[in-house]
Amino acid sequence: MKGIKSILLVLCFLLTGCWDQHLMKNAVLVQILSFDLTPKEELLLGVSIPIIEESSGGPQAMVKSETFSASGHTPRDSRLKIDHEIAGILDTSKNKLILFGERMAGTGIYPSLDVIWRDPRNSLGATLGVVEGEAVDLLGIKPKHETNVSEYIQDALTSAEENSVIPSQTIQTLASEMIDPGEDTVLPFLKMNKKKSAVVVGLALMNDKKYSGNLPPQESTLLLLLENKKGKNARFTKKVNKDDQHVVNEYISFNVQDMKRKLKVQVKDREVFVSINLDLKISVEEYPKGDVPKDIERLNKLLSKELTEDAKQVITKIQQANCDAFGIGRRLIAFHPKTWEVQDKKDYFKNIKFNTTVKAEIIKHGIVR
Amino acid sequence: MNIIFRGIKRHIKKDFKQVPSNQKSKPFVGVFTSIDENISFIKNIFSCSDDLIIKELNVRNKRGILVFLNTMTDSDKIQNNILSPVLEANGDQLDSVLKSKFLKSDNLIKAKEELLNGSCIILFDRDQEFYRLEVAISKARAVIEPNNEQVIKGSHEGFIENLLINLHLIRKSIRTPDLIMEHLSVGEHIQSKLTMVYMKDLANKEIIKEFKRRIDYISMDHIPSIGSLQELIEDSTWSPFPQILSTERVDRVIGHLNEGRVAIFMEGSPSCLLIPVTFFAFFHSPDDYNSRWMIGTFIRSMRLMSIAIAVNLPAIYIAVIGFHFEVLPDDLVLPVVSSIRNIPFPPLIEALVMELTIELIREAGVRLPARIGQTIGIVGGLVIGDAVVRAGLVSNTMIVVVAITAVAAYSIPSTEMSDAVRFLRFPLMILASTFGFVGIVFGFMFTLAHLCRLESFGTPYFAPWAPFRLKDLKDTFIRLPLWKFNTRPLDSNPKMLRKQSLSRGWKTNESNRE
């Protein structure tokens, strides 16, 4: 009797933990979440789940993906509907991507992300992105070389990050930027290409929490340089020569090797002046015309001028979109609180005067002249 | 809970135990004047056993008898060492022959013991004393390397079942008068010979005293083996960890003797017990010291890592796939999912089945002759390992985990510690399957606390970690070059801490020479 009692006691103690069990084999892993607005202004949630196909005898199983979608009032509502449809329990803890349709992003992304920050089982390492058109369509693409869509988009984003087209960020790092009144975020902007592949086509500019414009790749790279968020590479191609026999000879391609950025915020009579000085050390990667050393002075000058103009254009664009990617507002709050108080909290960024200069200097030109 | 409670009760009981039982004075029975009385006394003691031989021996009209057990004595030796000198001696030579060759004694109880040890006894009429000489059969096997503790480099000597030869092996390597050997005997009814070996100038007196005290308490009829002795004198038998190191290697014992530890040998046992030891002594191998120090360090740290793997890996795997698979890296998720998706059992059952199968294969293989052992290896390893996955009963990843665990557990040089480590992972697996990582953490904390609390003959078992001593870490987790070990480890409380000074002094003195 005593023995039975002690065994029961041990079992009571041990089995309490089973309540929290969460078996991996019962979970259906979600790899991409997409949010769209239906014409009825309802929320359309799309999920992409991996389908593992047992390969006969091979070491690696084939992974394909399948898309489910359902509309509802909130993300959880839609998710419940999808849960009824599939076998197993939806699990977002290994989610890698959250995509917004253009229209959804225009109305604000924060409400749909609320559940992700609230529920501890969600993955905070996921990347956000805005898709031209409907996001759920992107989940259905069938890329040829990679059958798993999430893996494919993830890889595309990683390579874009390396090339400084998009900044490297996750929901975790975005959270503070998003709710900060003095700072706005930029998200990767994706486009579907003939139902077959996804292309990163630059940056989606967010005005507070709403999508308000986009930047093409070259400009987005420049914006990232101005933000001091260079990735591994930052490549540009510029036209530097005129009327050559071959069109190729008119261009130069270069990579930014090293950079220095100085950002100064000054306040004069309640007007905000921002000066950004960008000092780029570049290495020439392609110059079909040849003989960089001979042209070096001219190229330095020309590239500096071109890049300065480009930078000005980028800033005009983000000012139009009212996207304070530099976090100027944050600086004002920190260093000039009085000025910040009198500023228009919503549109302050549009009124800031920018003075941008870019200086480029060729420091390498490879092993040929 | 019950175990803990019983453990506590046992501790309380120990304090109230009365005086040791076998400290009674030795019985004495004098030699009778009449030889017939002596014969009947001896015959009575041995109950006229058929191997008791009593021969009449008349030397120069003096009646005498020769007594021996023919199962314990060598007839050639009796002929050469006793009969020929005694019978050939003429005149007064007999006395001198007896005095020079034989030992004298007057206690018949002593005579009984000597007969049992293989001595031959000569008694003369009207003598109050008897003469004895050891003529035991010595049938010792060759000194070979022990199978369970092999090394690549270094001495290949191992102990055998003969106490005298074992002691000879020790004395041969440590030729100093500081080496002390003390004979003891245990067992109420059938006595077993024990020998305690230590260095007089190093070994701590308290430990020797404590060991003798514990031996005195033993009131068993017969101590069957050195393993039983170990269990009787160990500090805490409610622990999975062995607190006494048993080894069959000569060089290992010598190393430990030089660190001030005490070695205990038992007649008929090829293993030697070493006290006091630390947890980390079980992970050392003579190979560490015979190879280069960097390699020694690398291998030793691998071994210590292997305990962590052997104890934790199955538990961690169970916790990951049962509770928190979000810790898996992104690229690992899908392969793992694809392998466990169709397994019908919960992870704990899956792991237990495989772990227990491996234990069974081991157990089946241990006692089989080598030729059948191979069959077990093939059936167990290939058939079960492969078929169980193909049948969809156990996942591929589980096989990988179980295999790594098994390899890690068997890389621990001491079998006892390897057993302890393999045993310990089962409670951890159960904890992991009900509480996930939290359970593992609690289990690990419990184990660590237990290790810190354990003692081996009054010295801390988990030294030099608890209590922490940085100097001793040189020879626990890693093995620094030998010339760095200037002091002995503190855990065995040696009398003399200093071991060497500037063993590579030639290097700094190079310039002085010129």
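This is a predicted model: local features need pLDDT of at least 70, side-chain atom pairs count only at pLDDT 80 or more; totals for chains, interfaces and linings use all residues.
**Entry 1: chain A as a whole**

I began by counting elements, and chain A came out with 11 helices and 14 strands. I then looked up the box that holds its C-alpha atoms, which is roughly 95 × 60 × 50 Å along the principal axes. Of the 369 residues in chain A, 49% are buried.

**Entry 2: an annotated span**

Next I turned to the UniProt record. Its unreviewed entry carries the annotation "domain: Spore germination GerAC-like C-terminal" for residues 202–366 of chain A. In the model, this span is 32% helix and 38% strand, and its end C-alpha atoms lie 29 Å apart.

**Entry 3: a patch on chain A**

I went looking for nonpolar side chains on the surface and found a patch formed by A:Met1, A:Ile4, A:Ile7, A:Leu8, A:Leu11 and A:Leu15. Together they have about 640 Å² of accessible area. I picked out A:Leu15, which lies in helix α1, residues 2–15 of chain A. Its relative accessible area is 48%, so A:Leu15 counts as partly exposed.

**Entry 4: helix α5 of chain B**

Here I moved to chain B and its helix α5, residues 108–116. Which residues of this helix are buried? I listed B:Leu108, B:Ile109, B:Ala111, B:Glu114 and B:Leu115. These buried residues pack against α2 (35–45), β2 (62–69), β4 (119–124) and β5 (130–134) of chain B.

Then I checked both ends of the helix. Just after the helix, I found B:Gly118 with a positive phi of about 95°.

**Entry 5: one loop residue in chain B**

My last stop was B:Ile160, in the loop between β5 and α6 (163–173) of chain B. Is B:Ile160 buried or exposed? Its relative accessibility is 0%, so B:Ile160 counts as buried. Leaving out residues up to four places away in sequence, I found that B:Ile160 touches B:Ala140, B:Arg141, B:Ala142, B:Val143, B:Ile165, B:Asn166, B:Ser269 and B:Pro270. I also looked up B:Ala136, which is 24 residues from B:Ile160 in sequence and 17 Å from it in space, C-alpha to C-alpha.

Conventions
Residues are numbered from 1 along each chain as its sequence is written. Chains are lettered from A and ligands numbered from 1 in the order in which they are written. Side-chain values use heavy atoms; hydrogens and water are left out. Buried means under 20% relative accessible area, exposed over 50%, partly exposed in between (1.4 Å probe, protein chains only). Helices (H or I, at least four residues) and strands (E, at least two) are DSSP runs, numbered from the N terminus. Contact means heavy atoms within 4.5 Å. UniProt positions are given in the numbering used here, feature names are shortened, and annotations may be inferred rather than shown by experiment. Patches are made of residues with over 30% relative accessible area and no salt bridge: like charges are joined within 9 Å, nonpolar side chains (Val, Leu, Ile, Met, Phe, Trp, Tyr) within 5 Å. Accessible areas come from the Shrake-Rupley method with a 1.4 Å probe; for residues, only the protein chains shown count as cover. A salt bridge is a side-chain nitrogen of Lys or Arg within 4 Å of a carboxyl oxygen of Asp or Glu.
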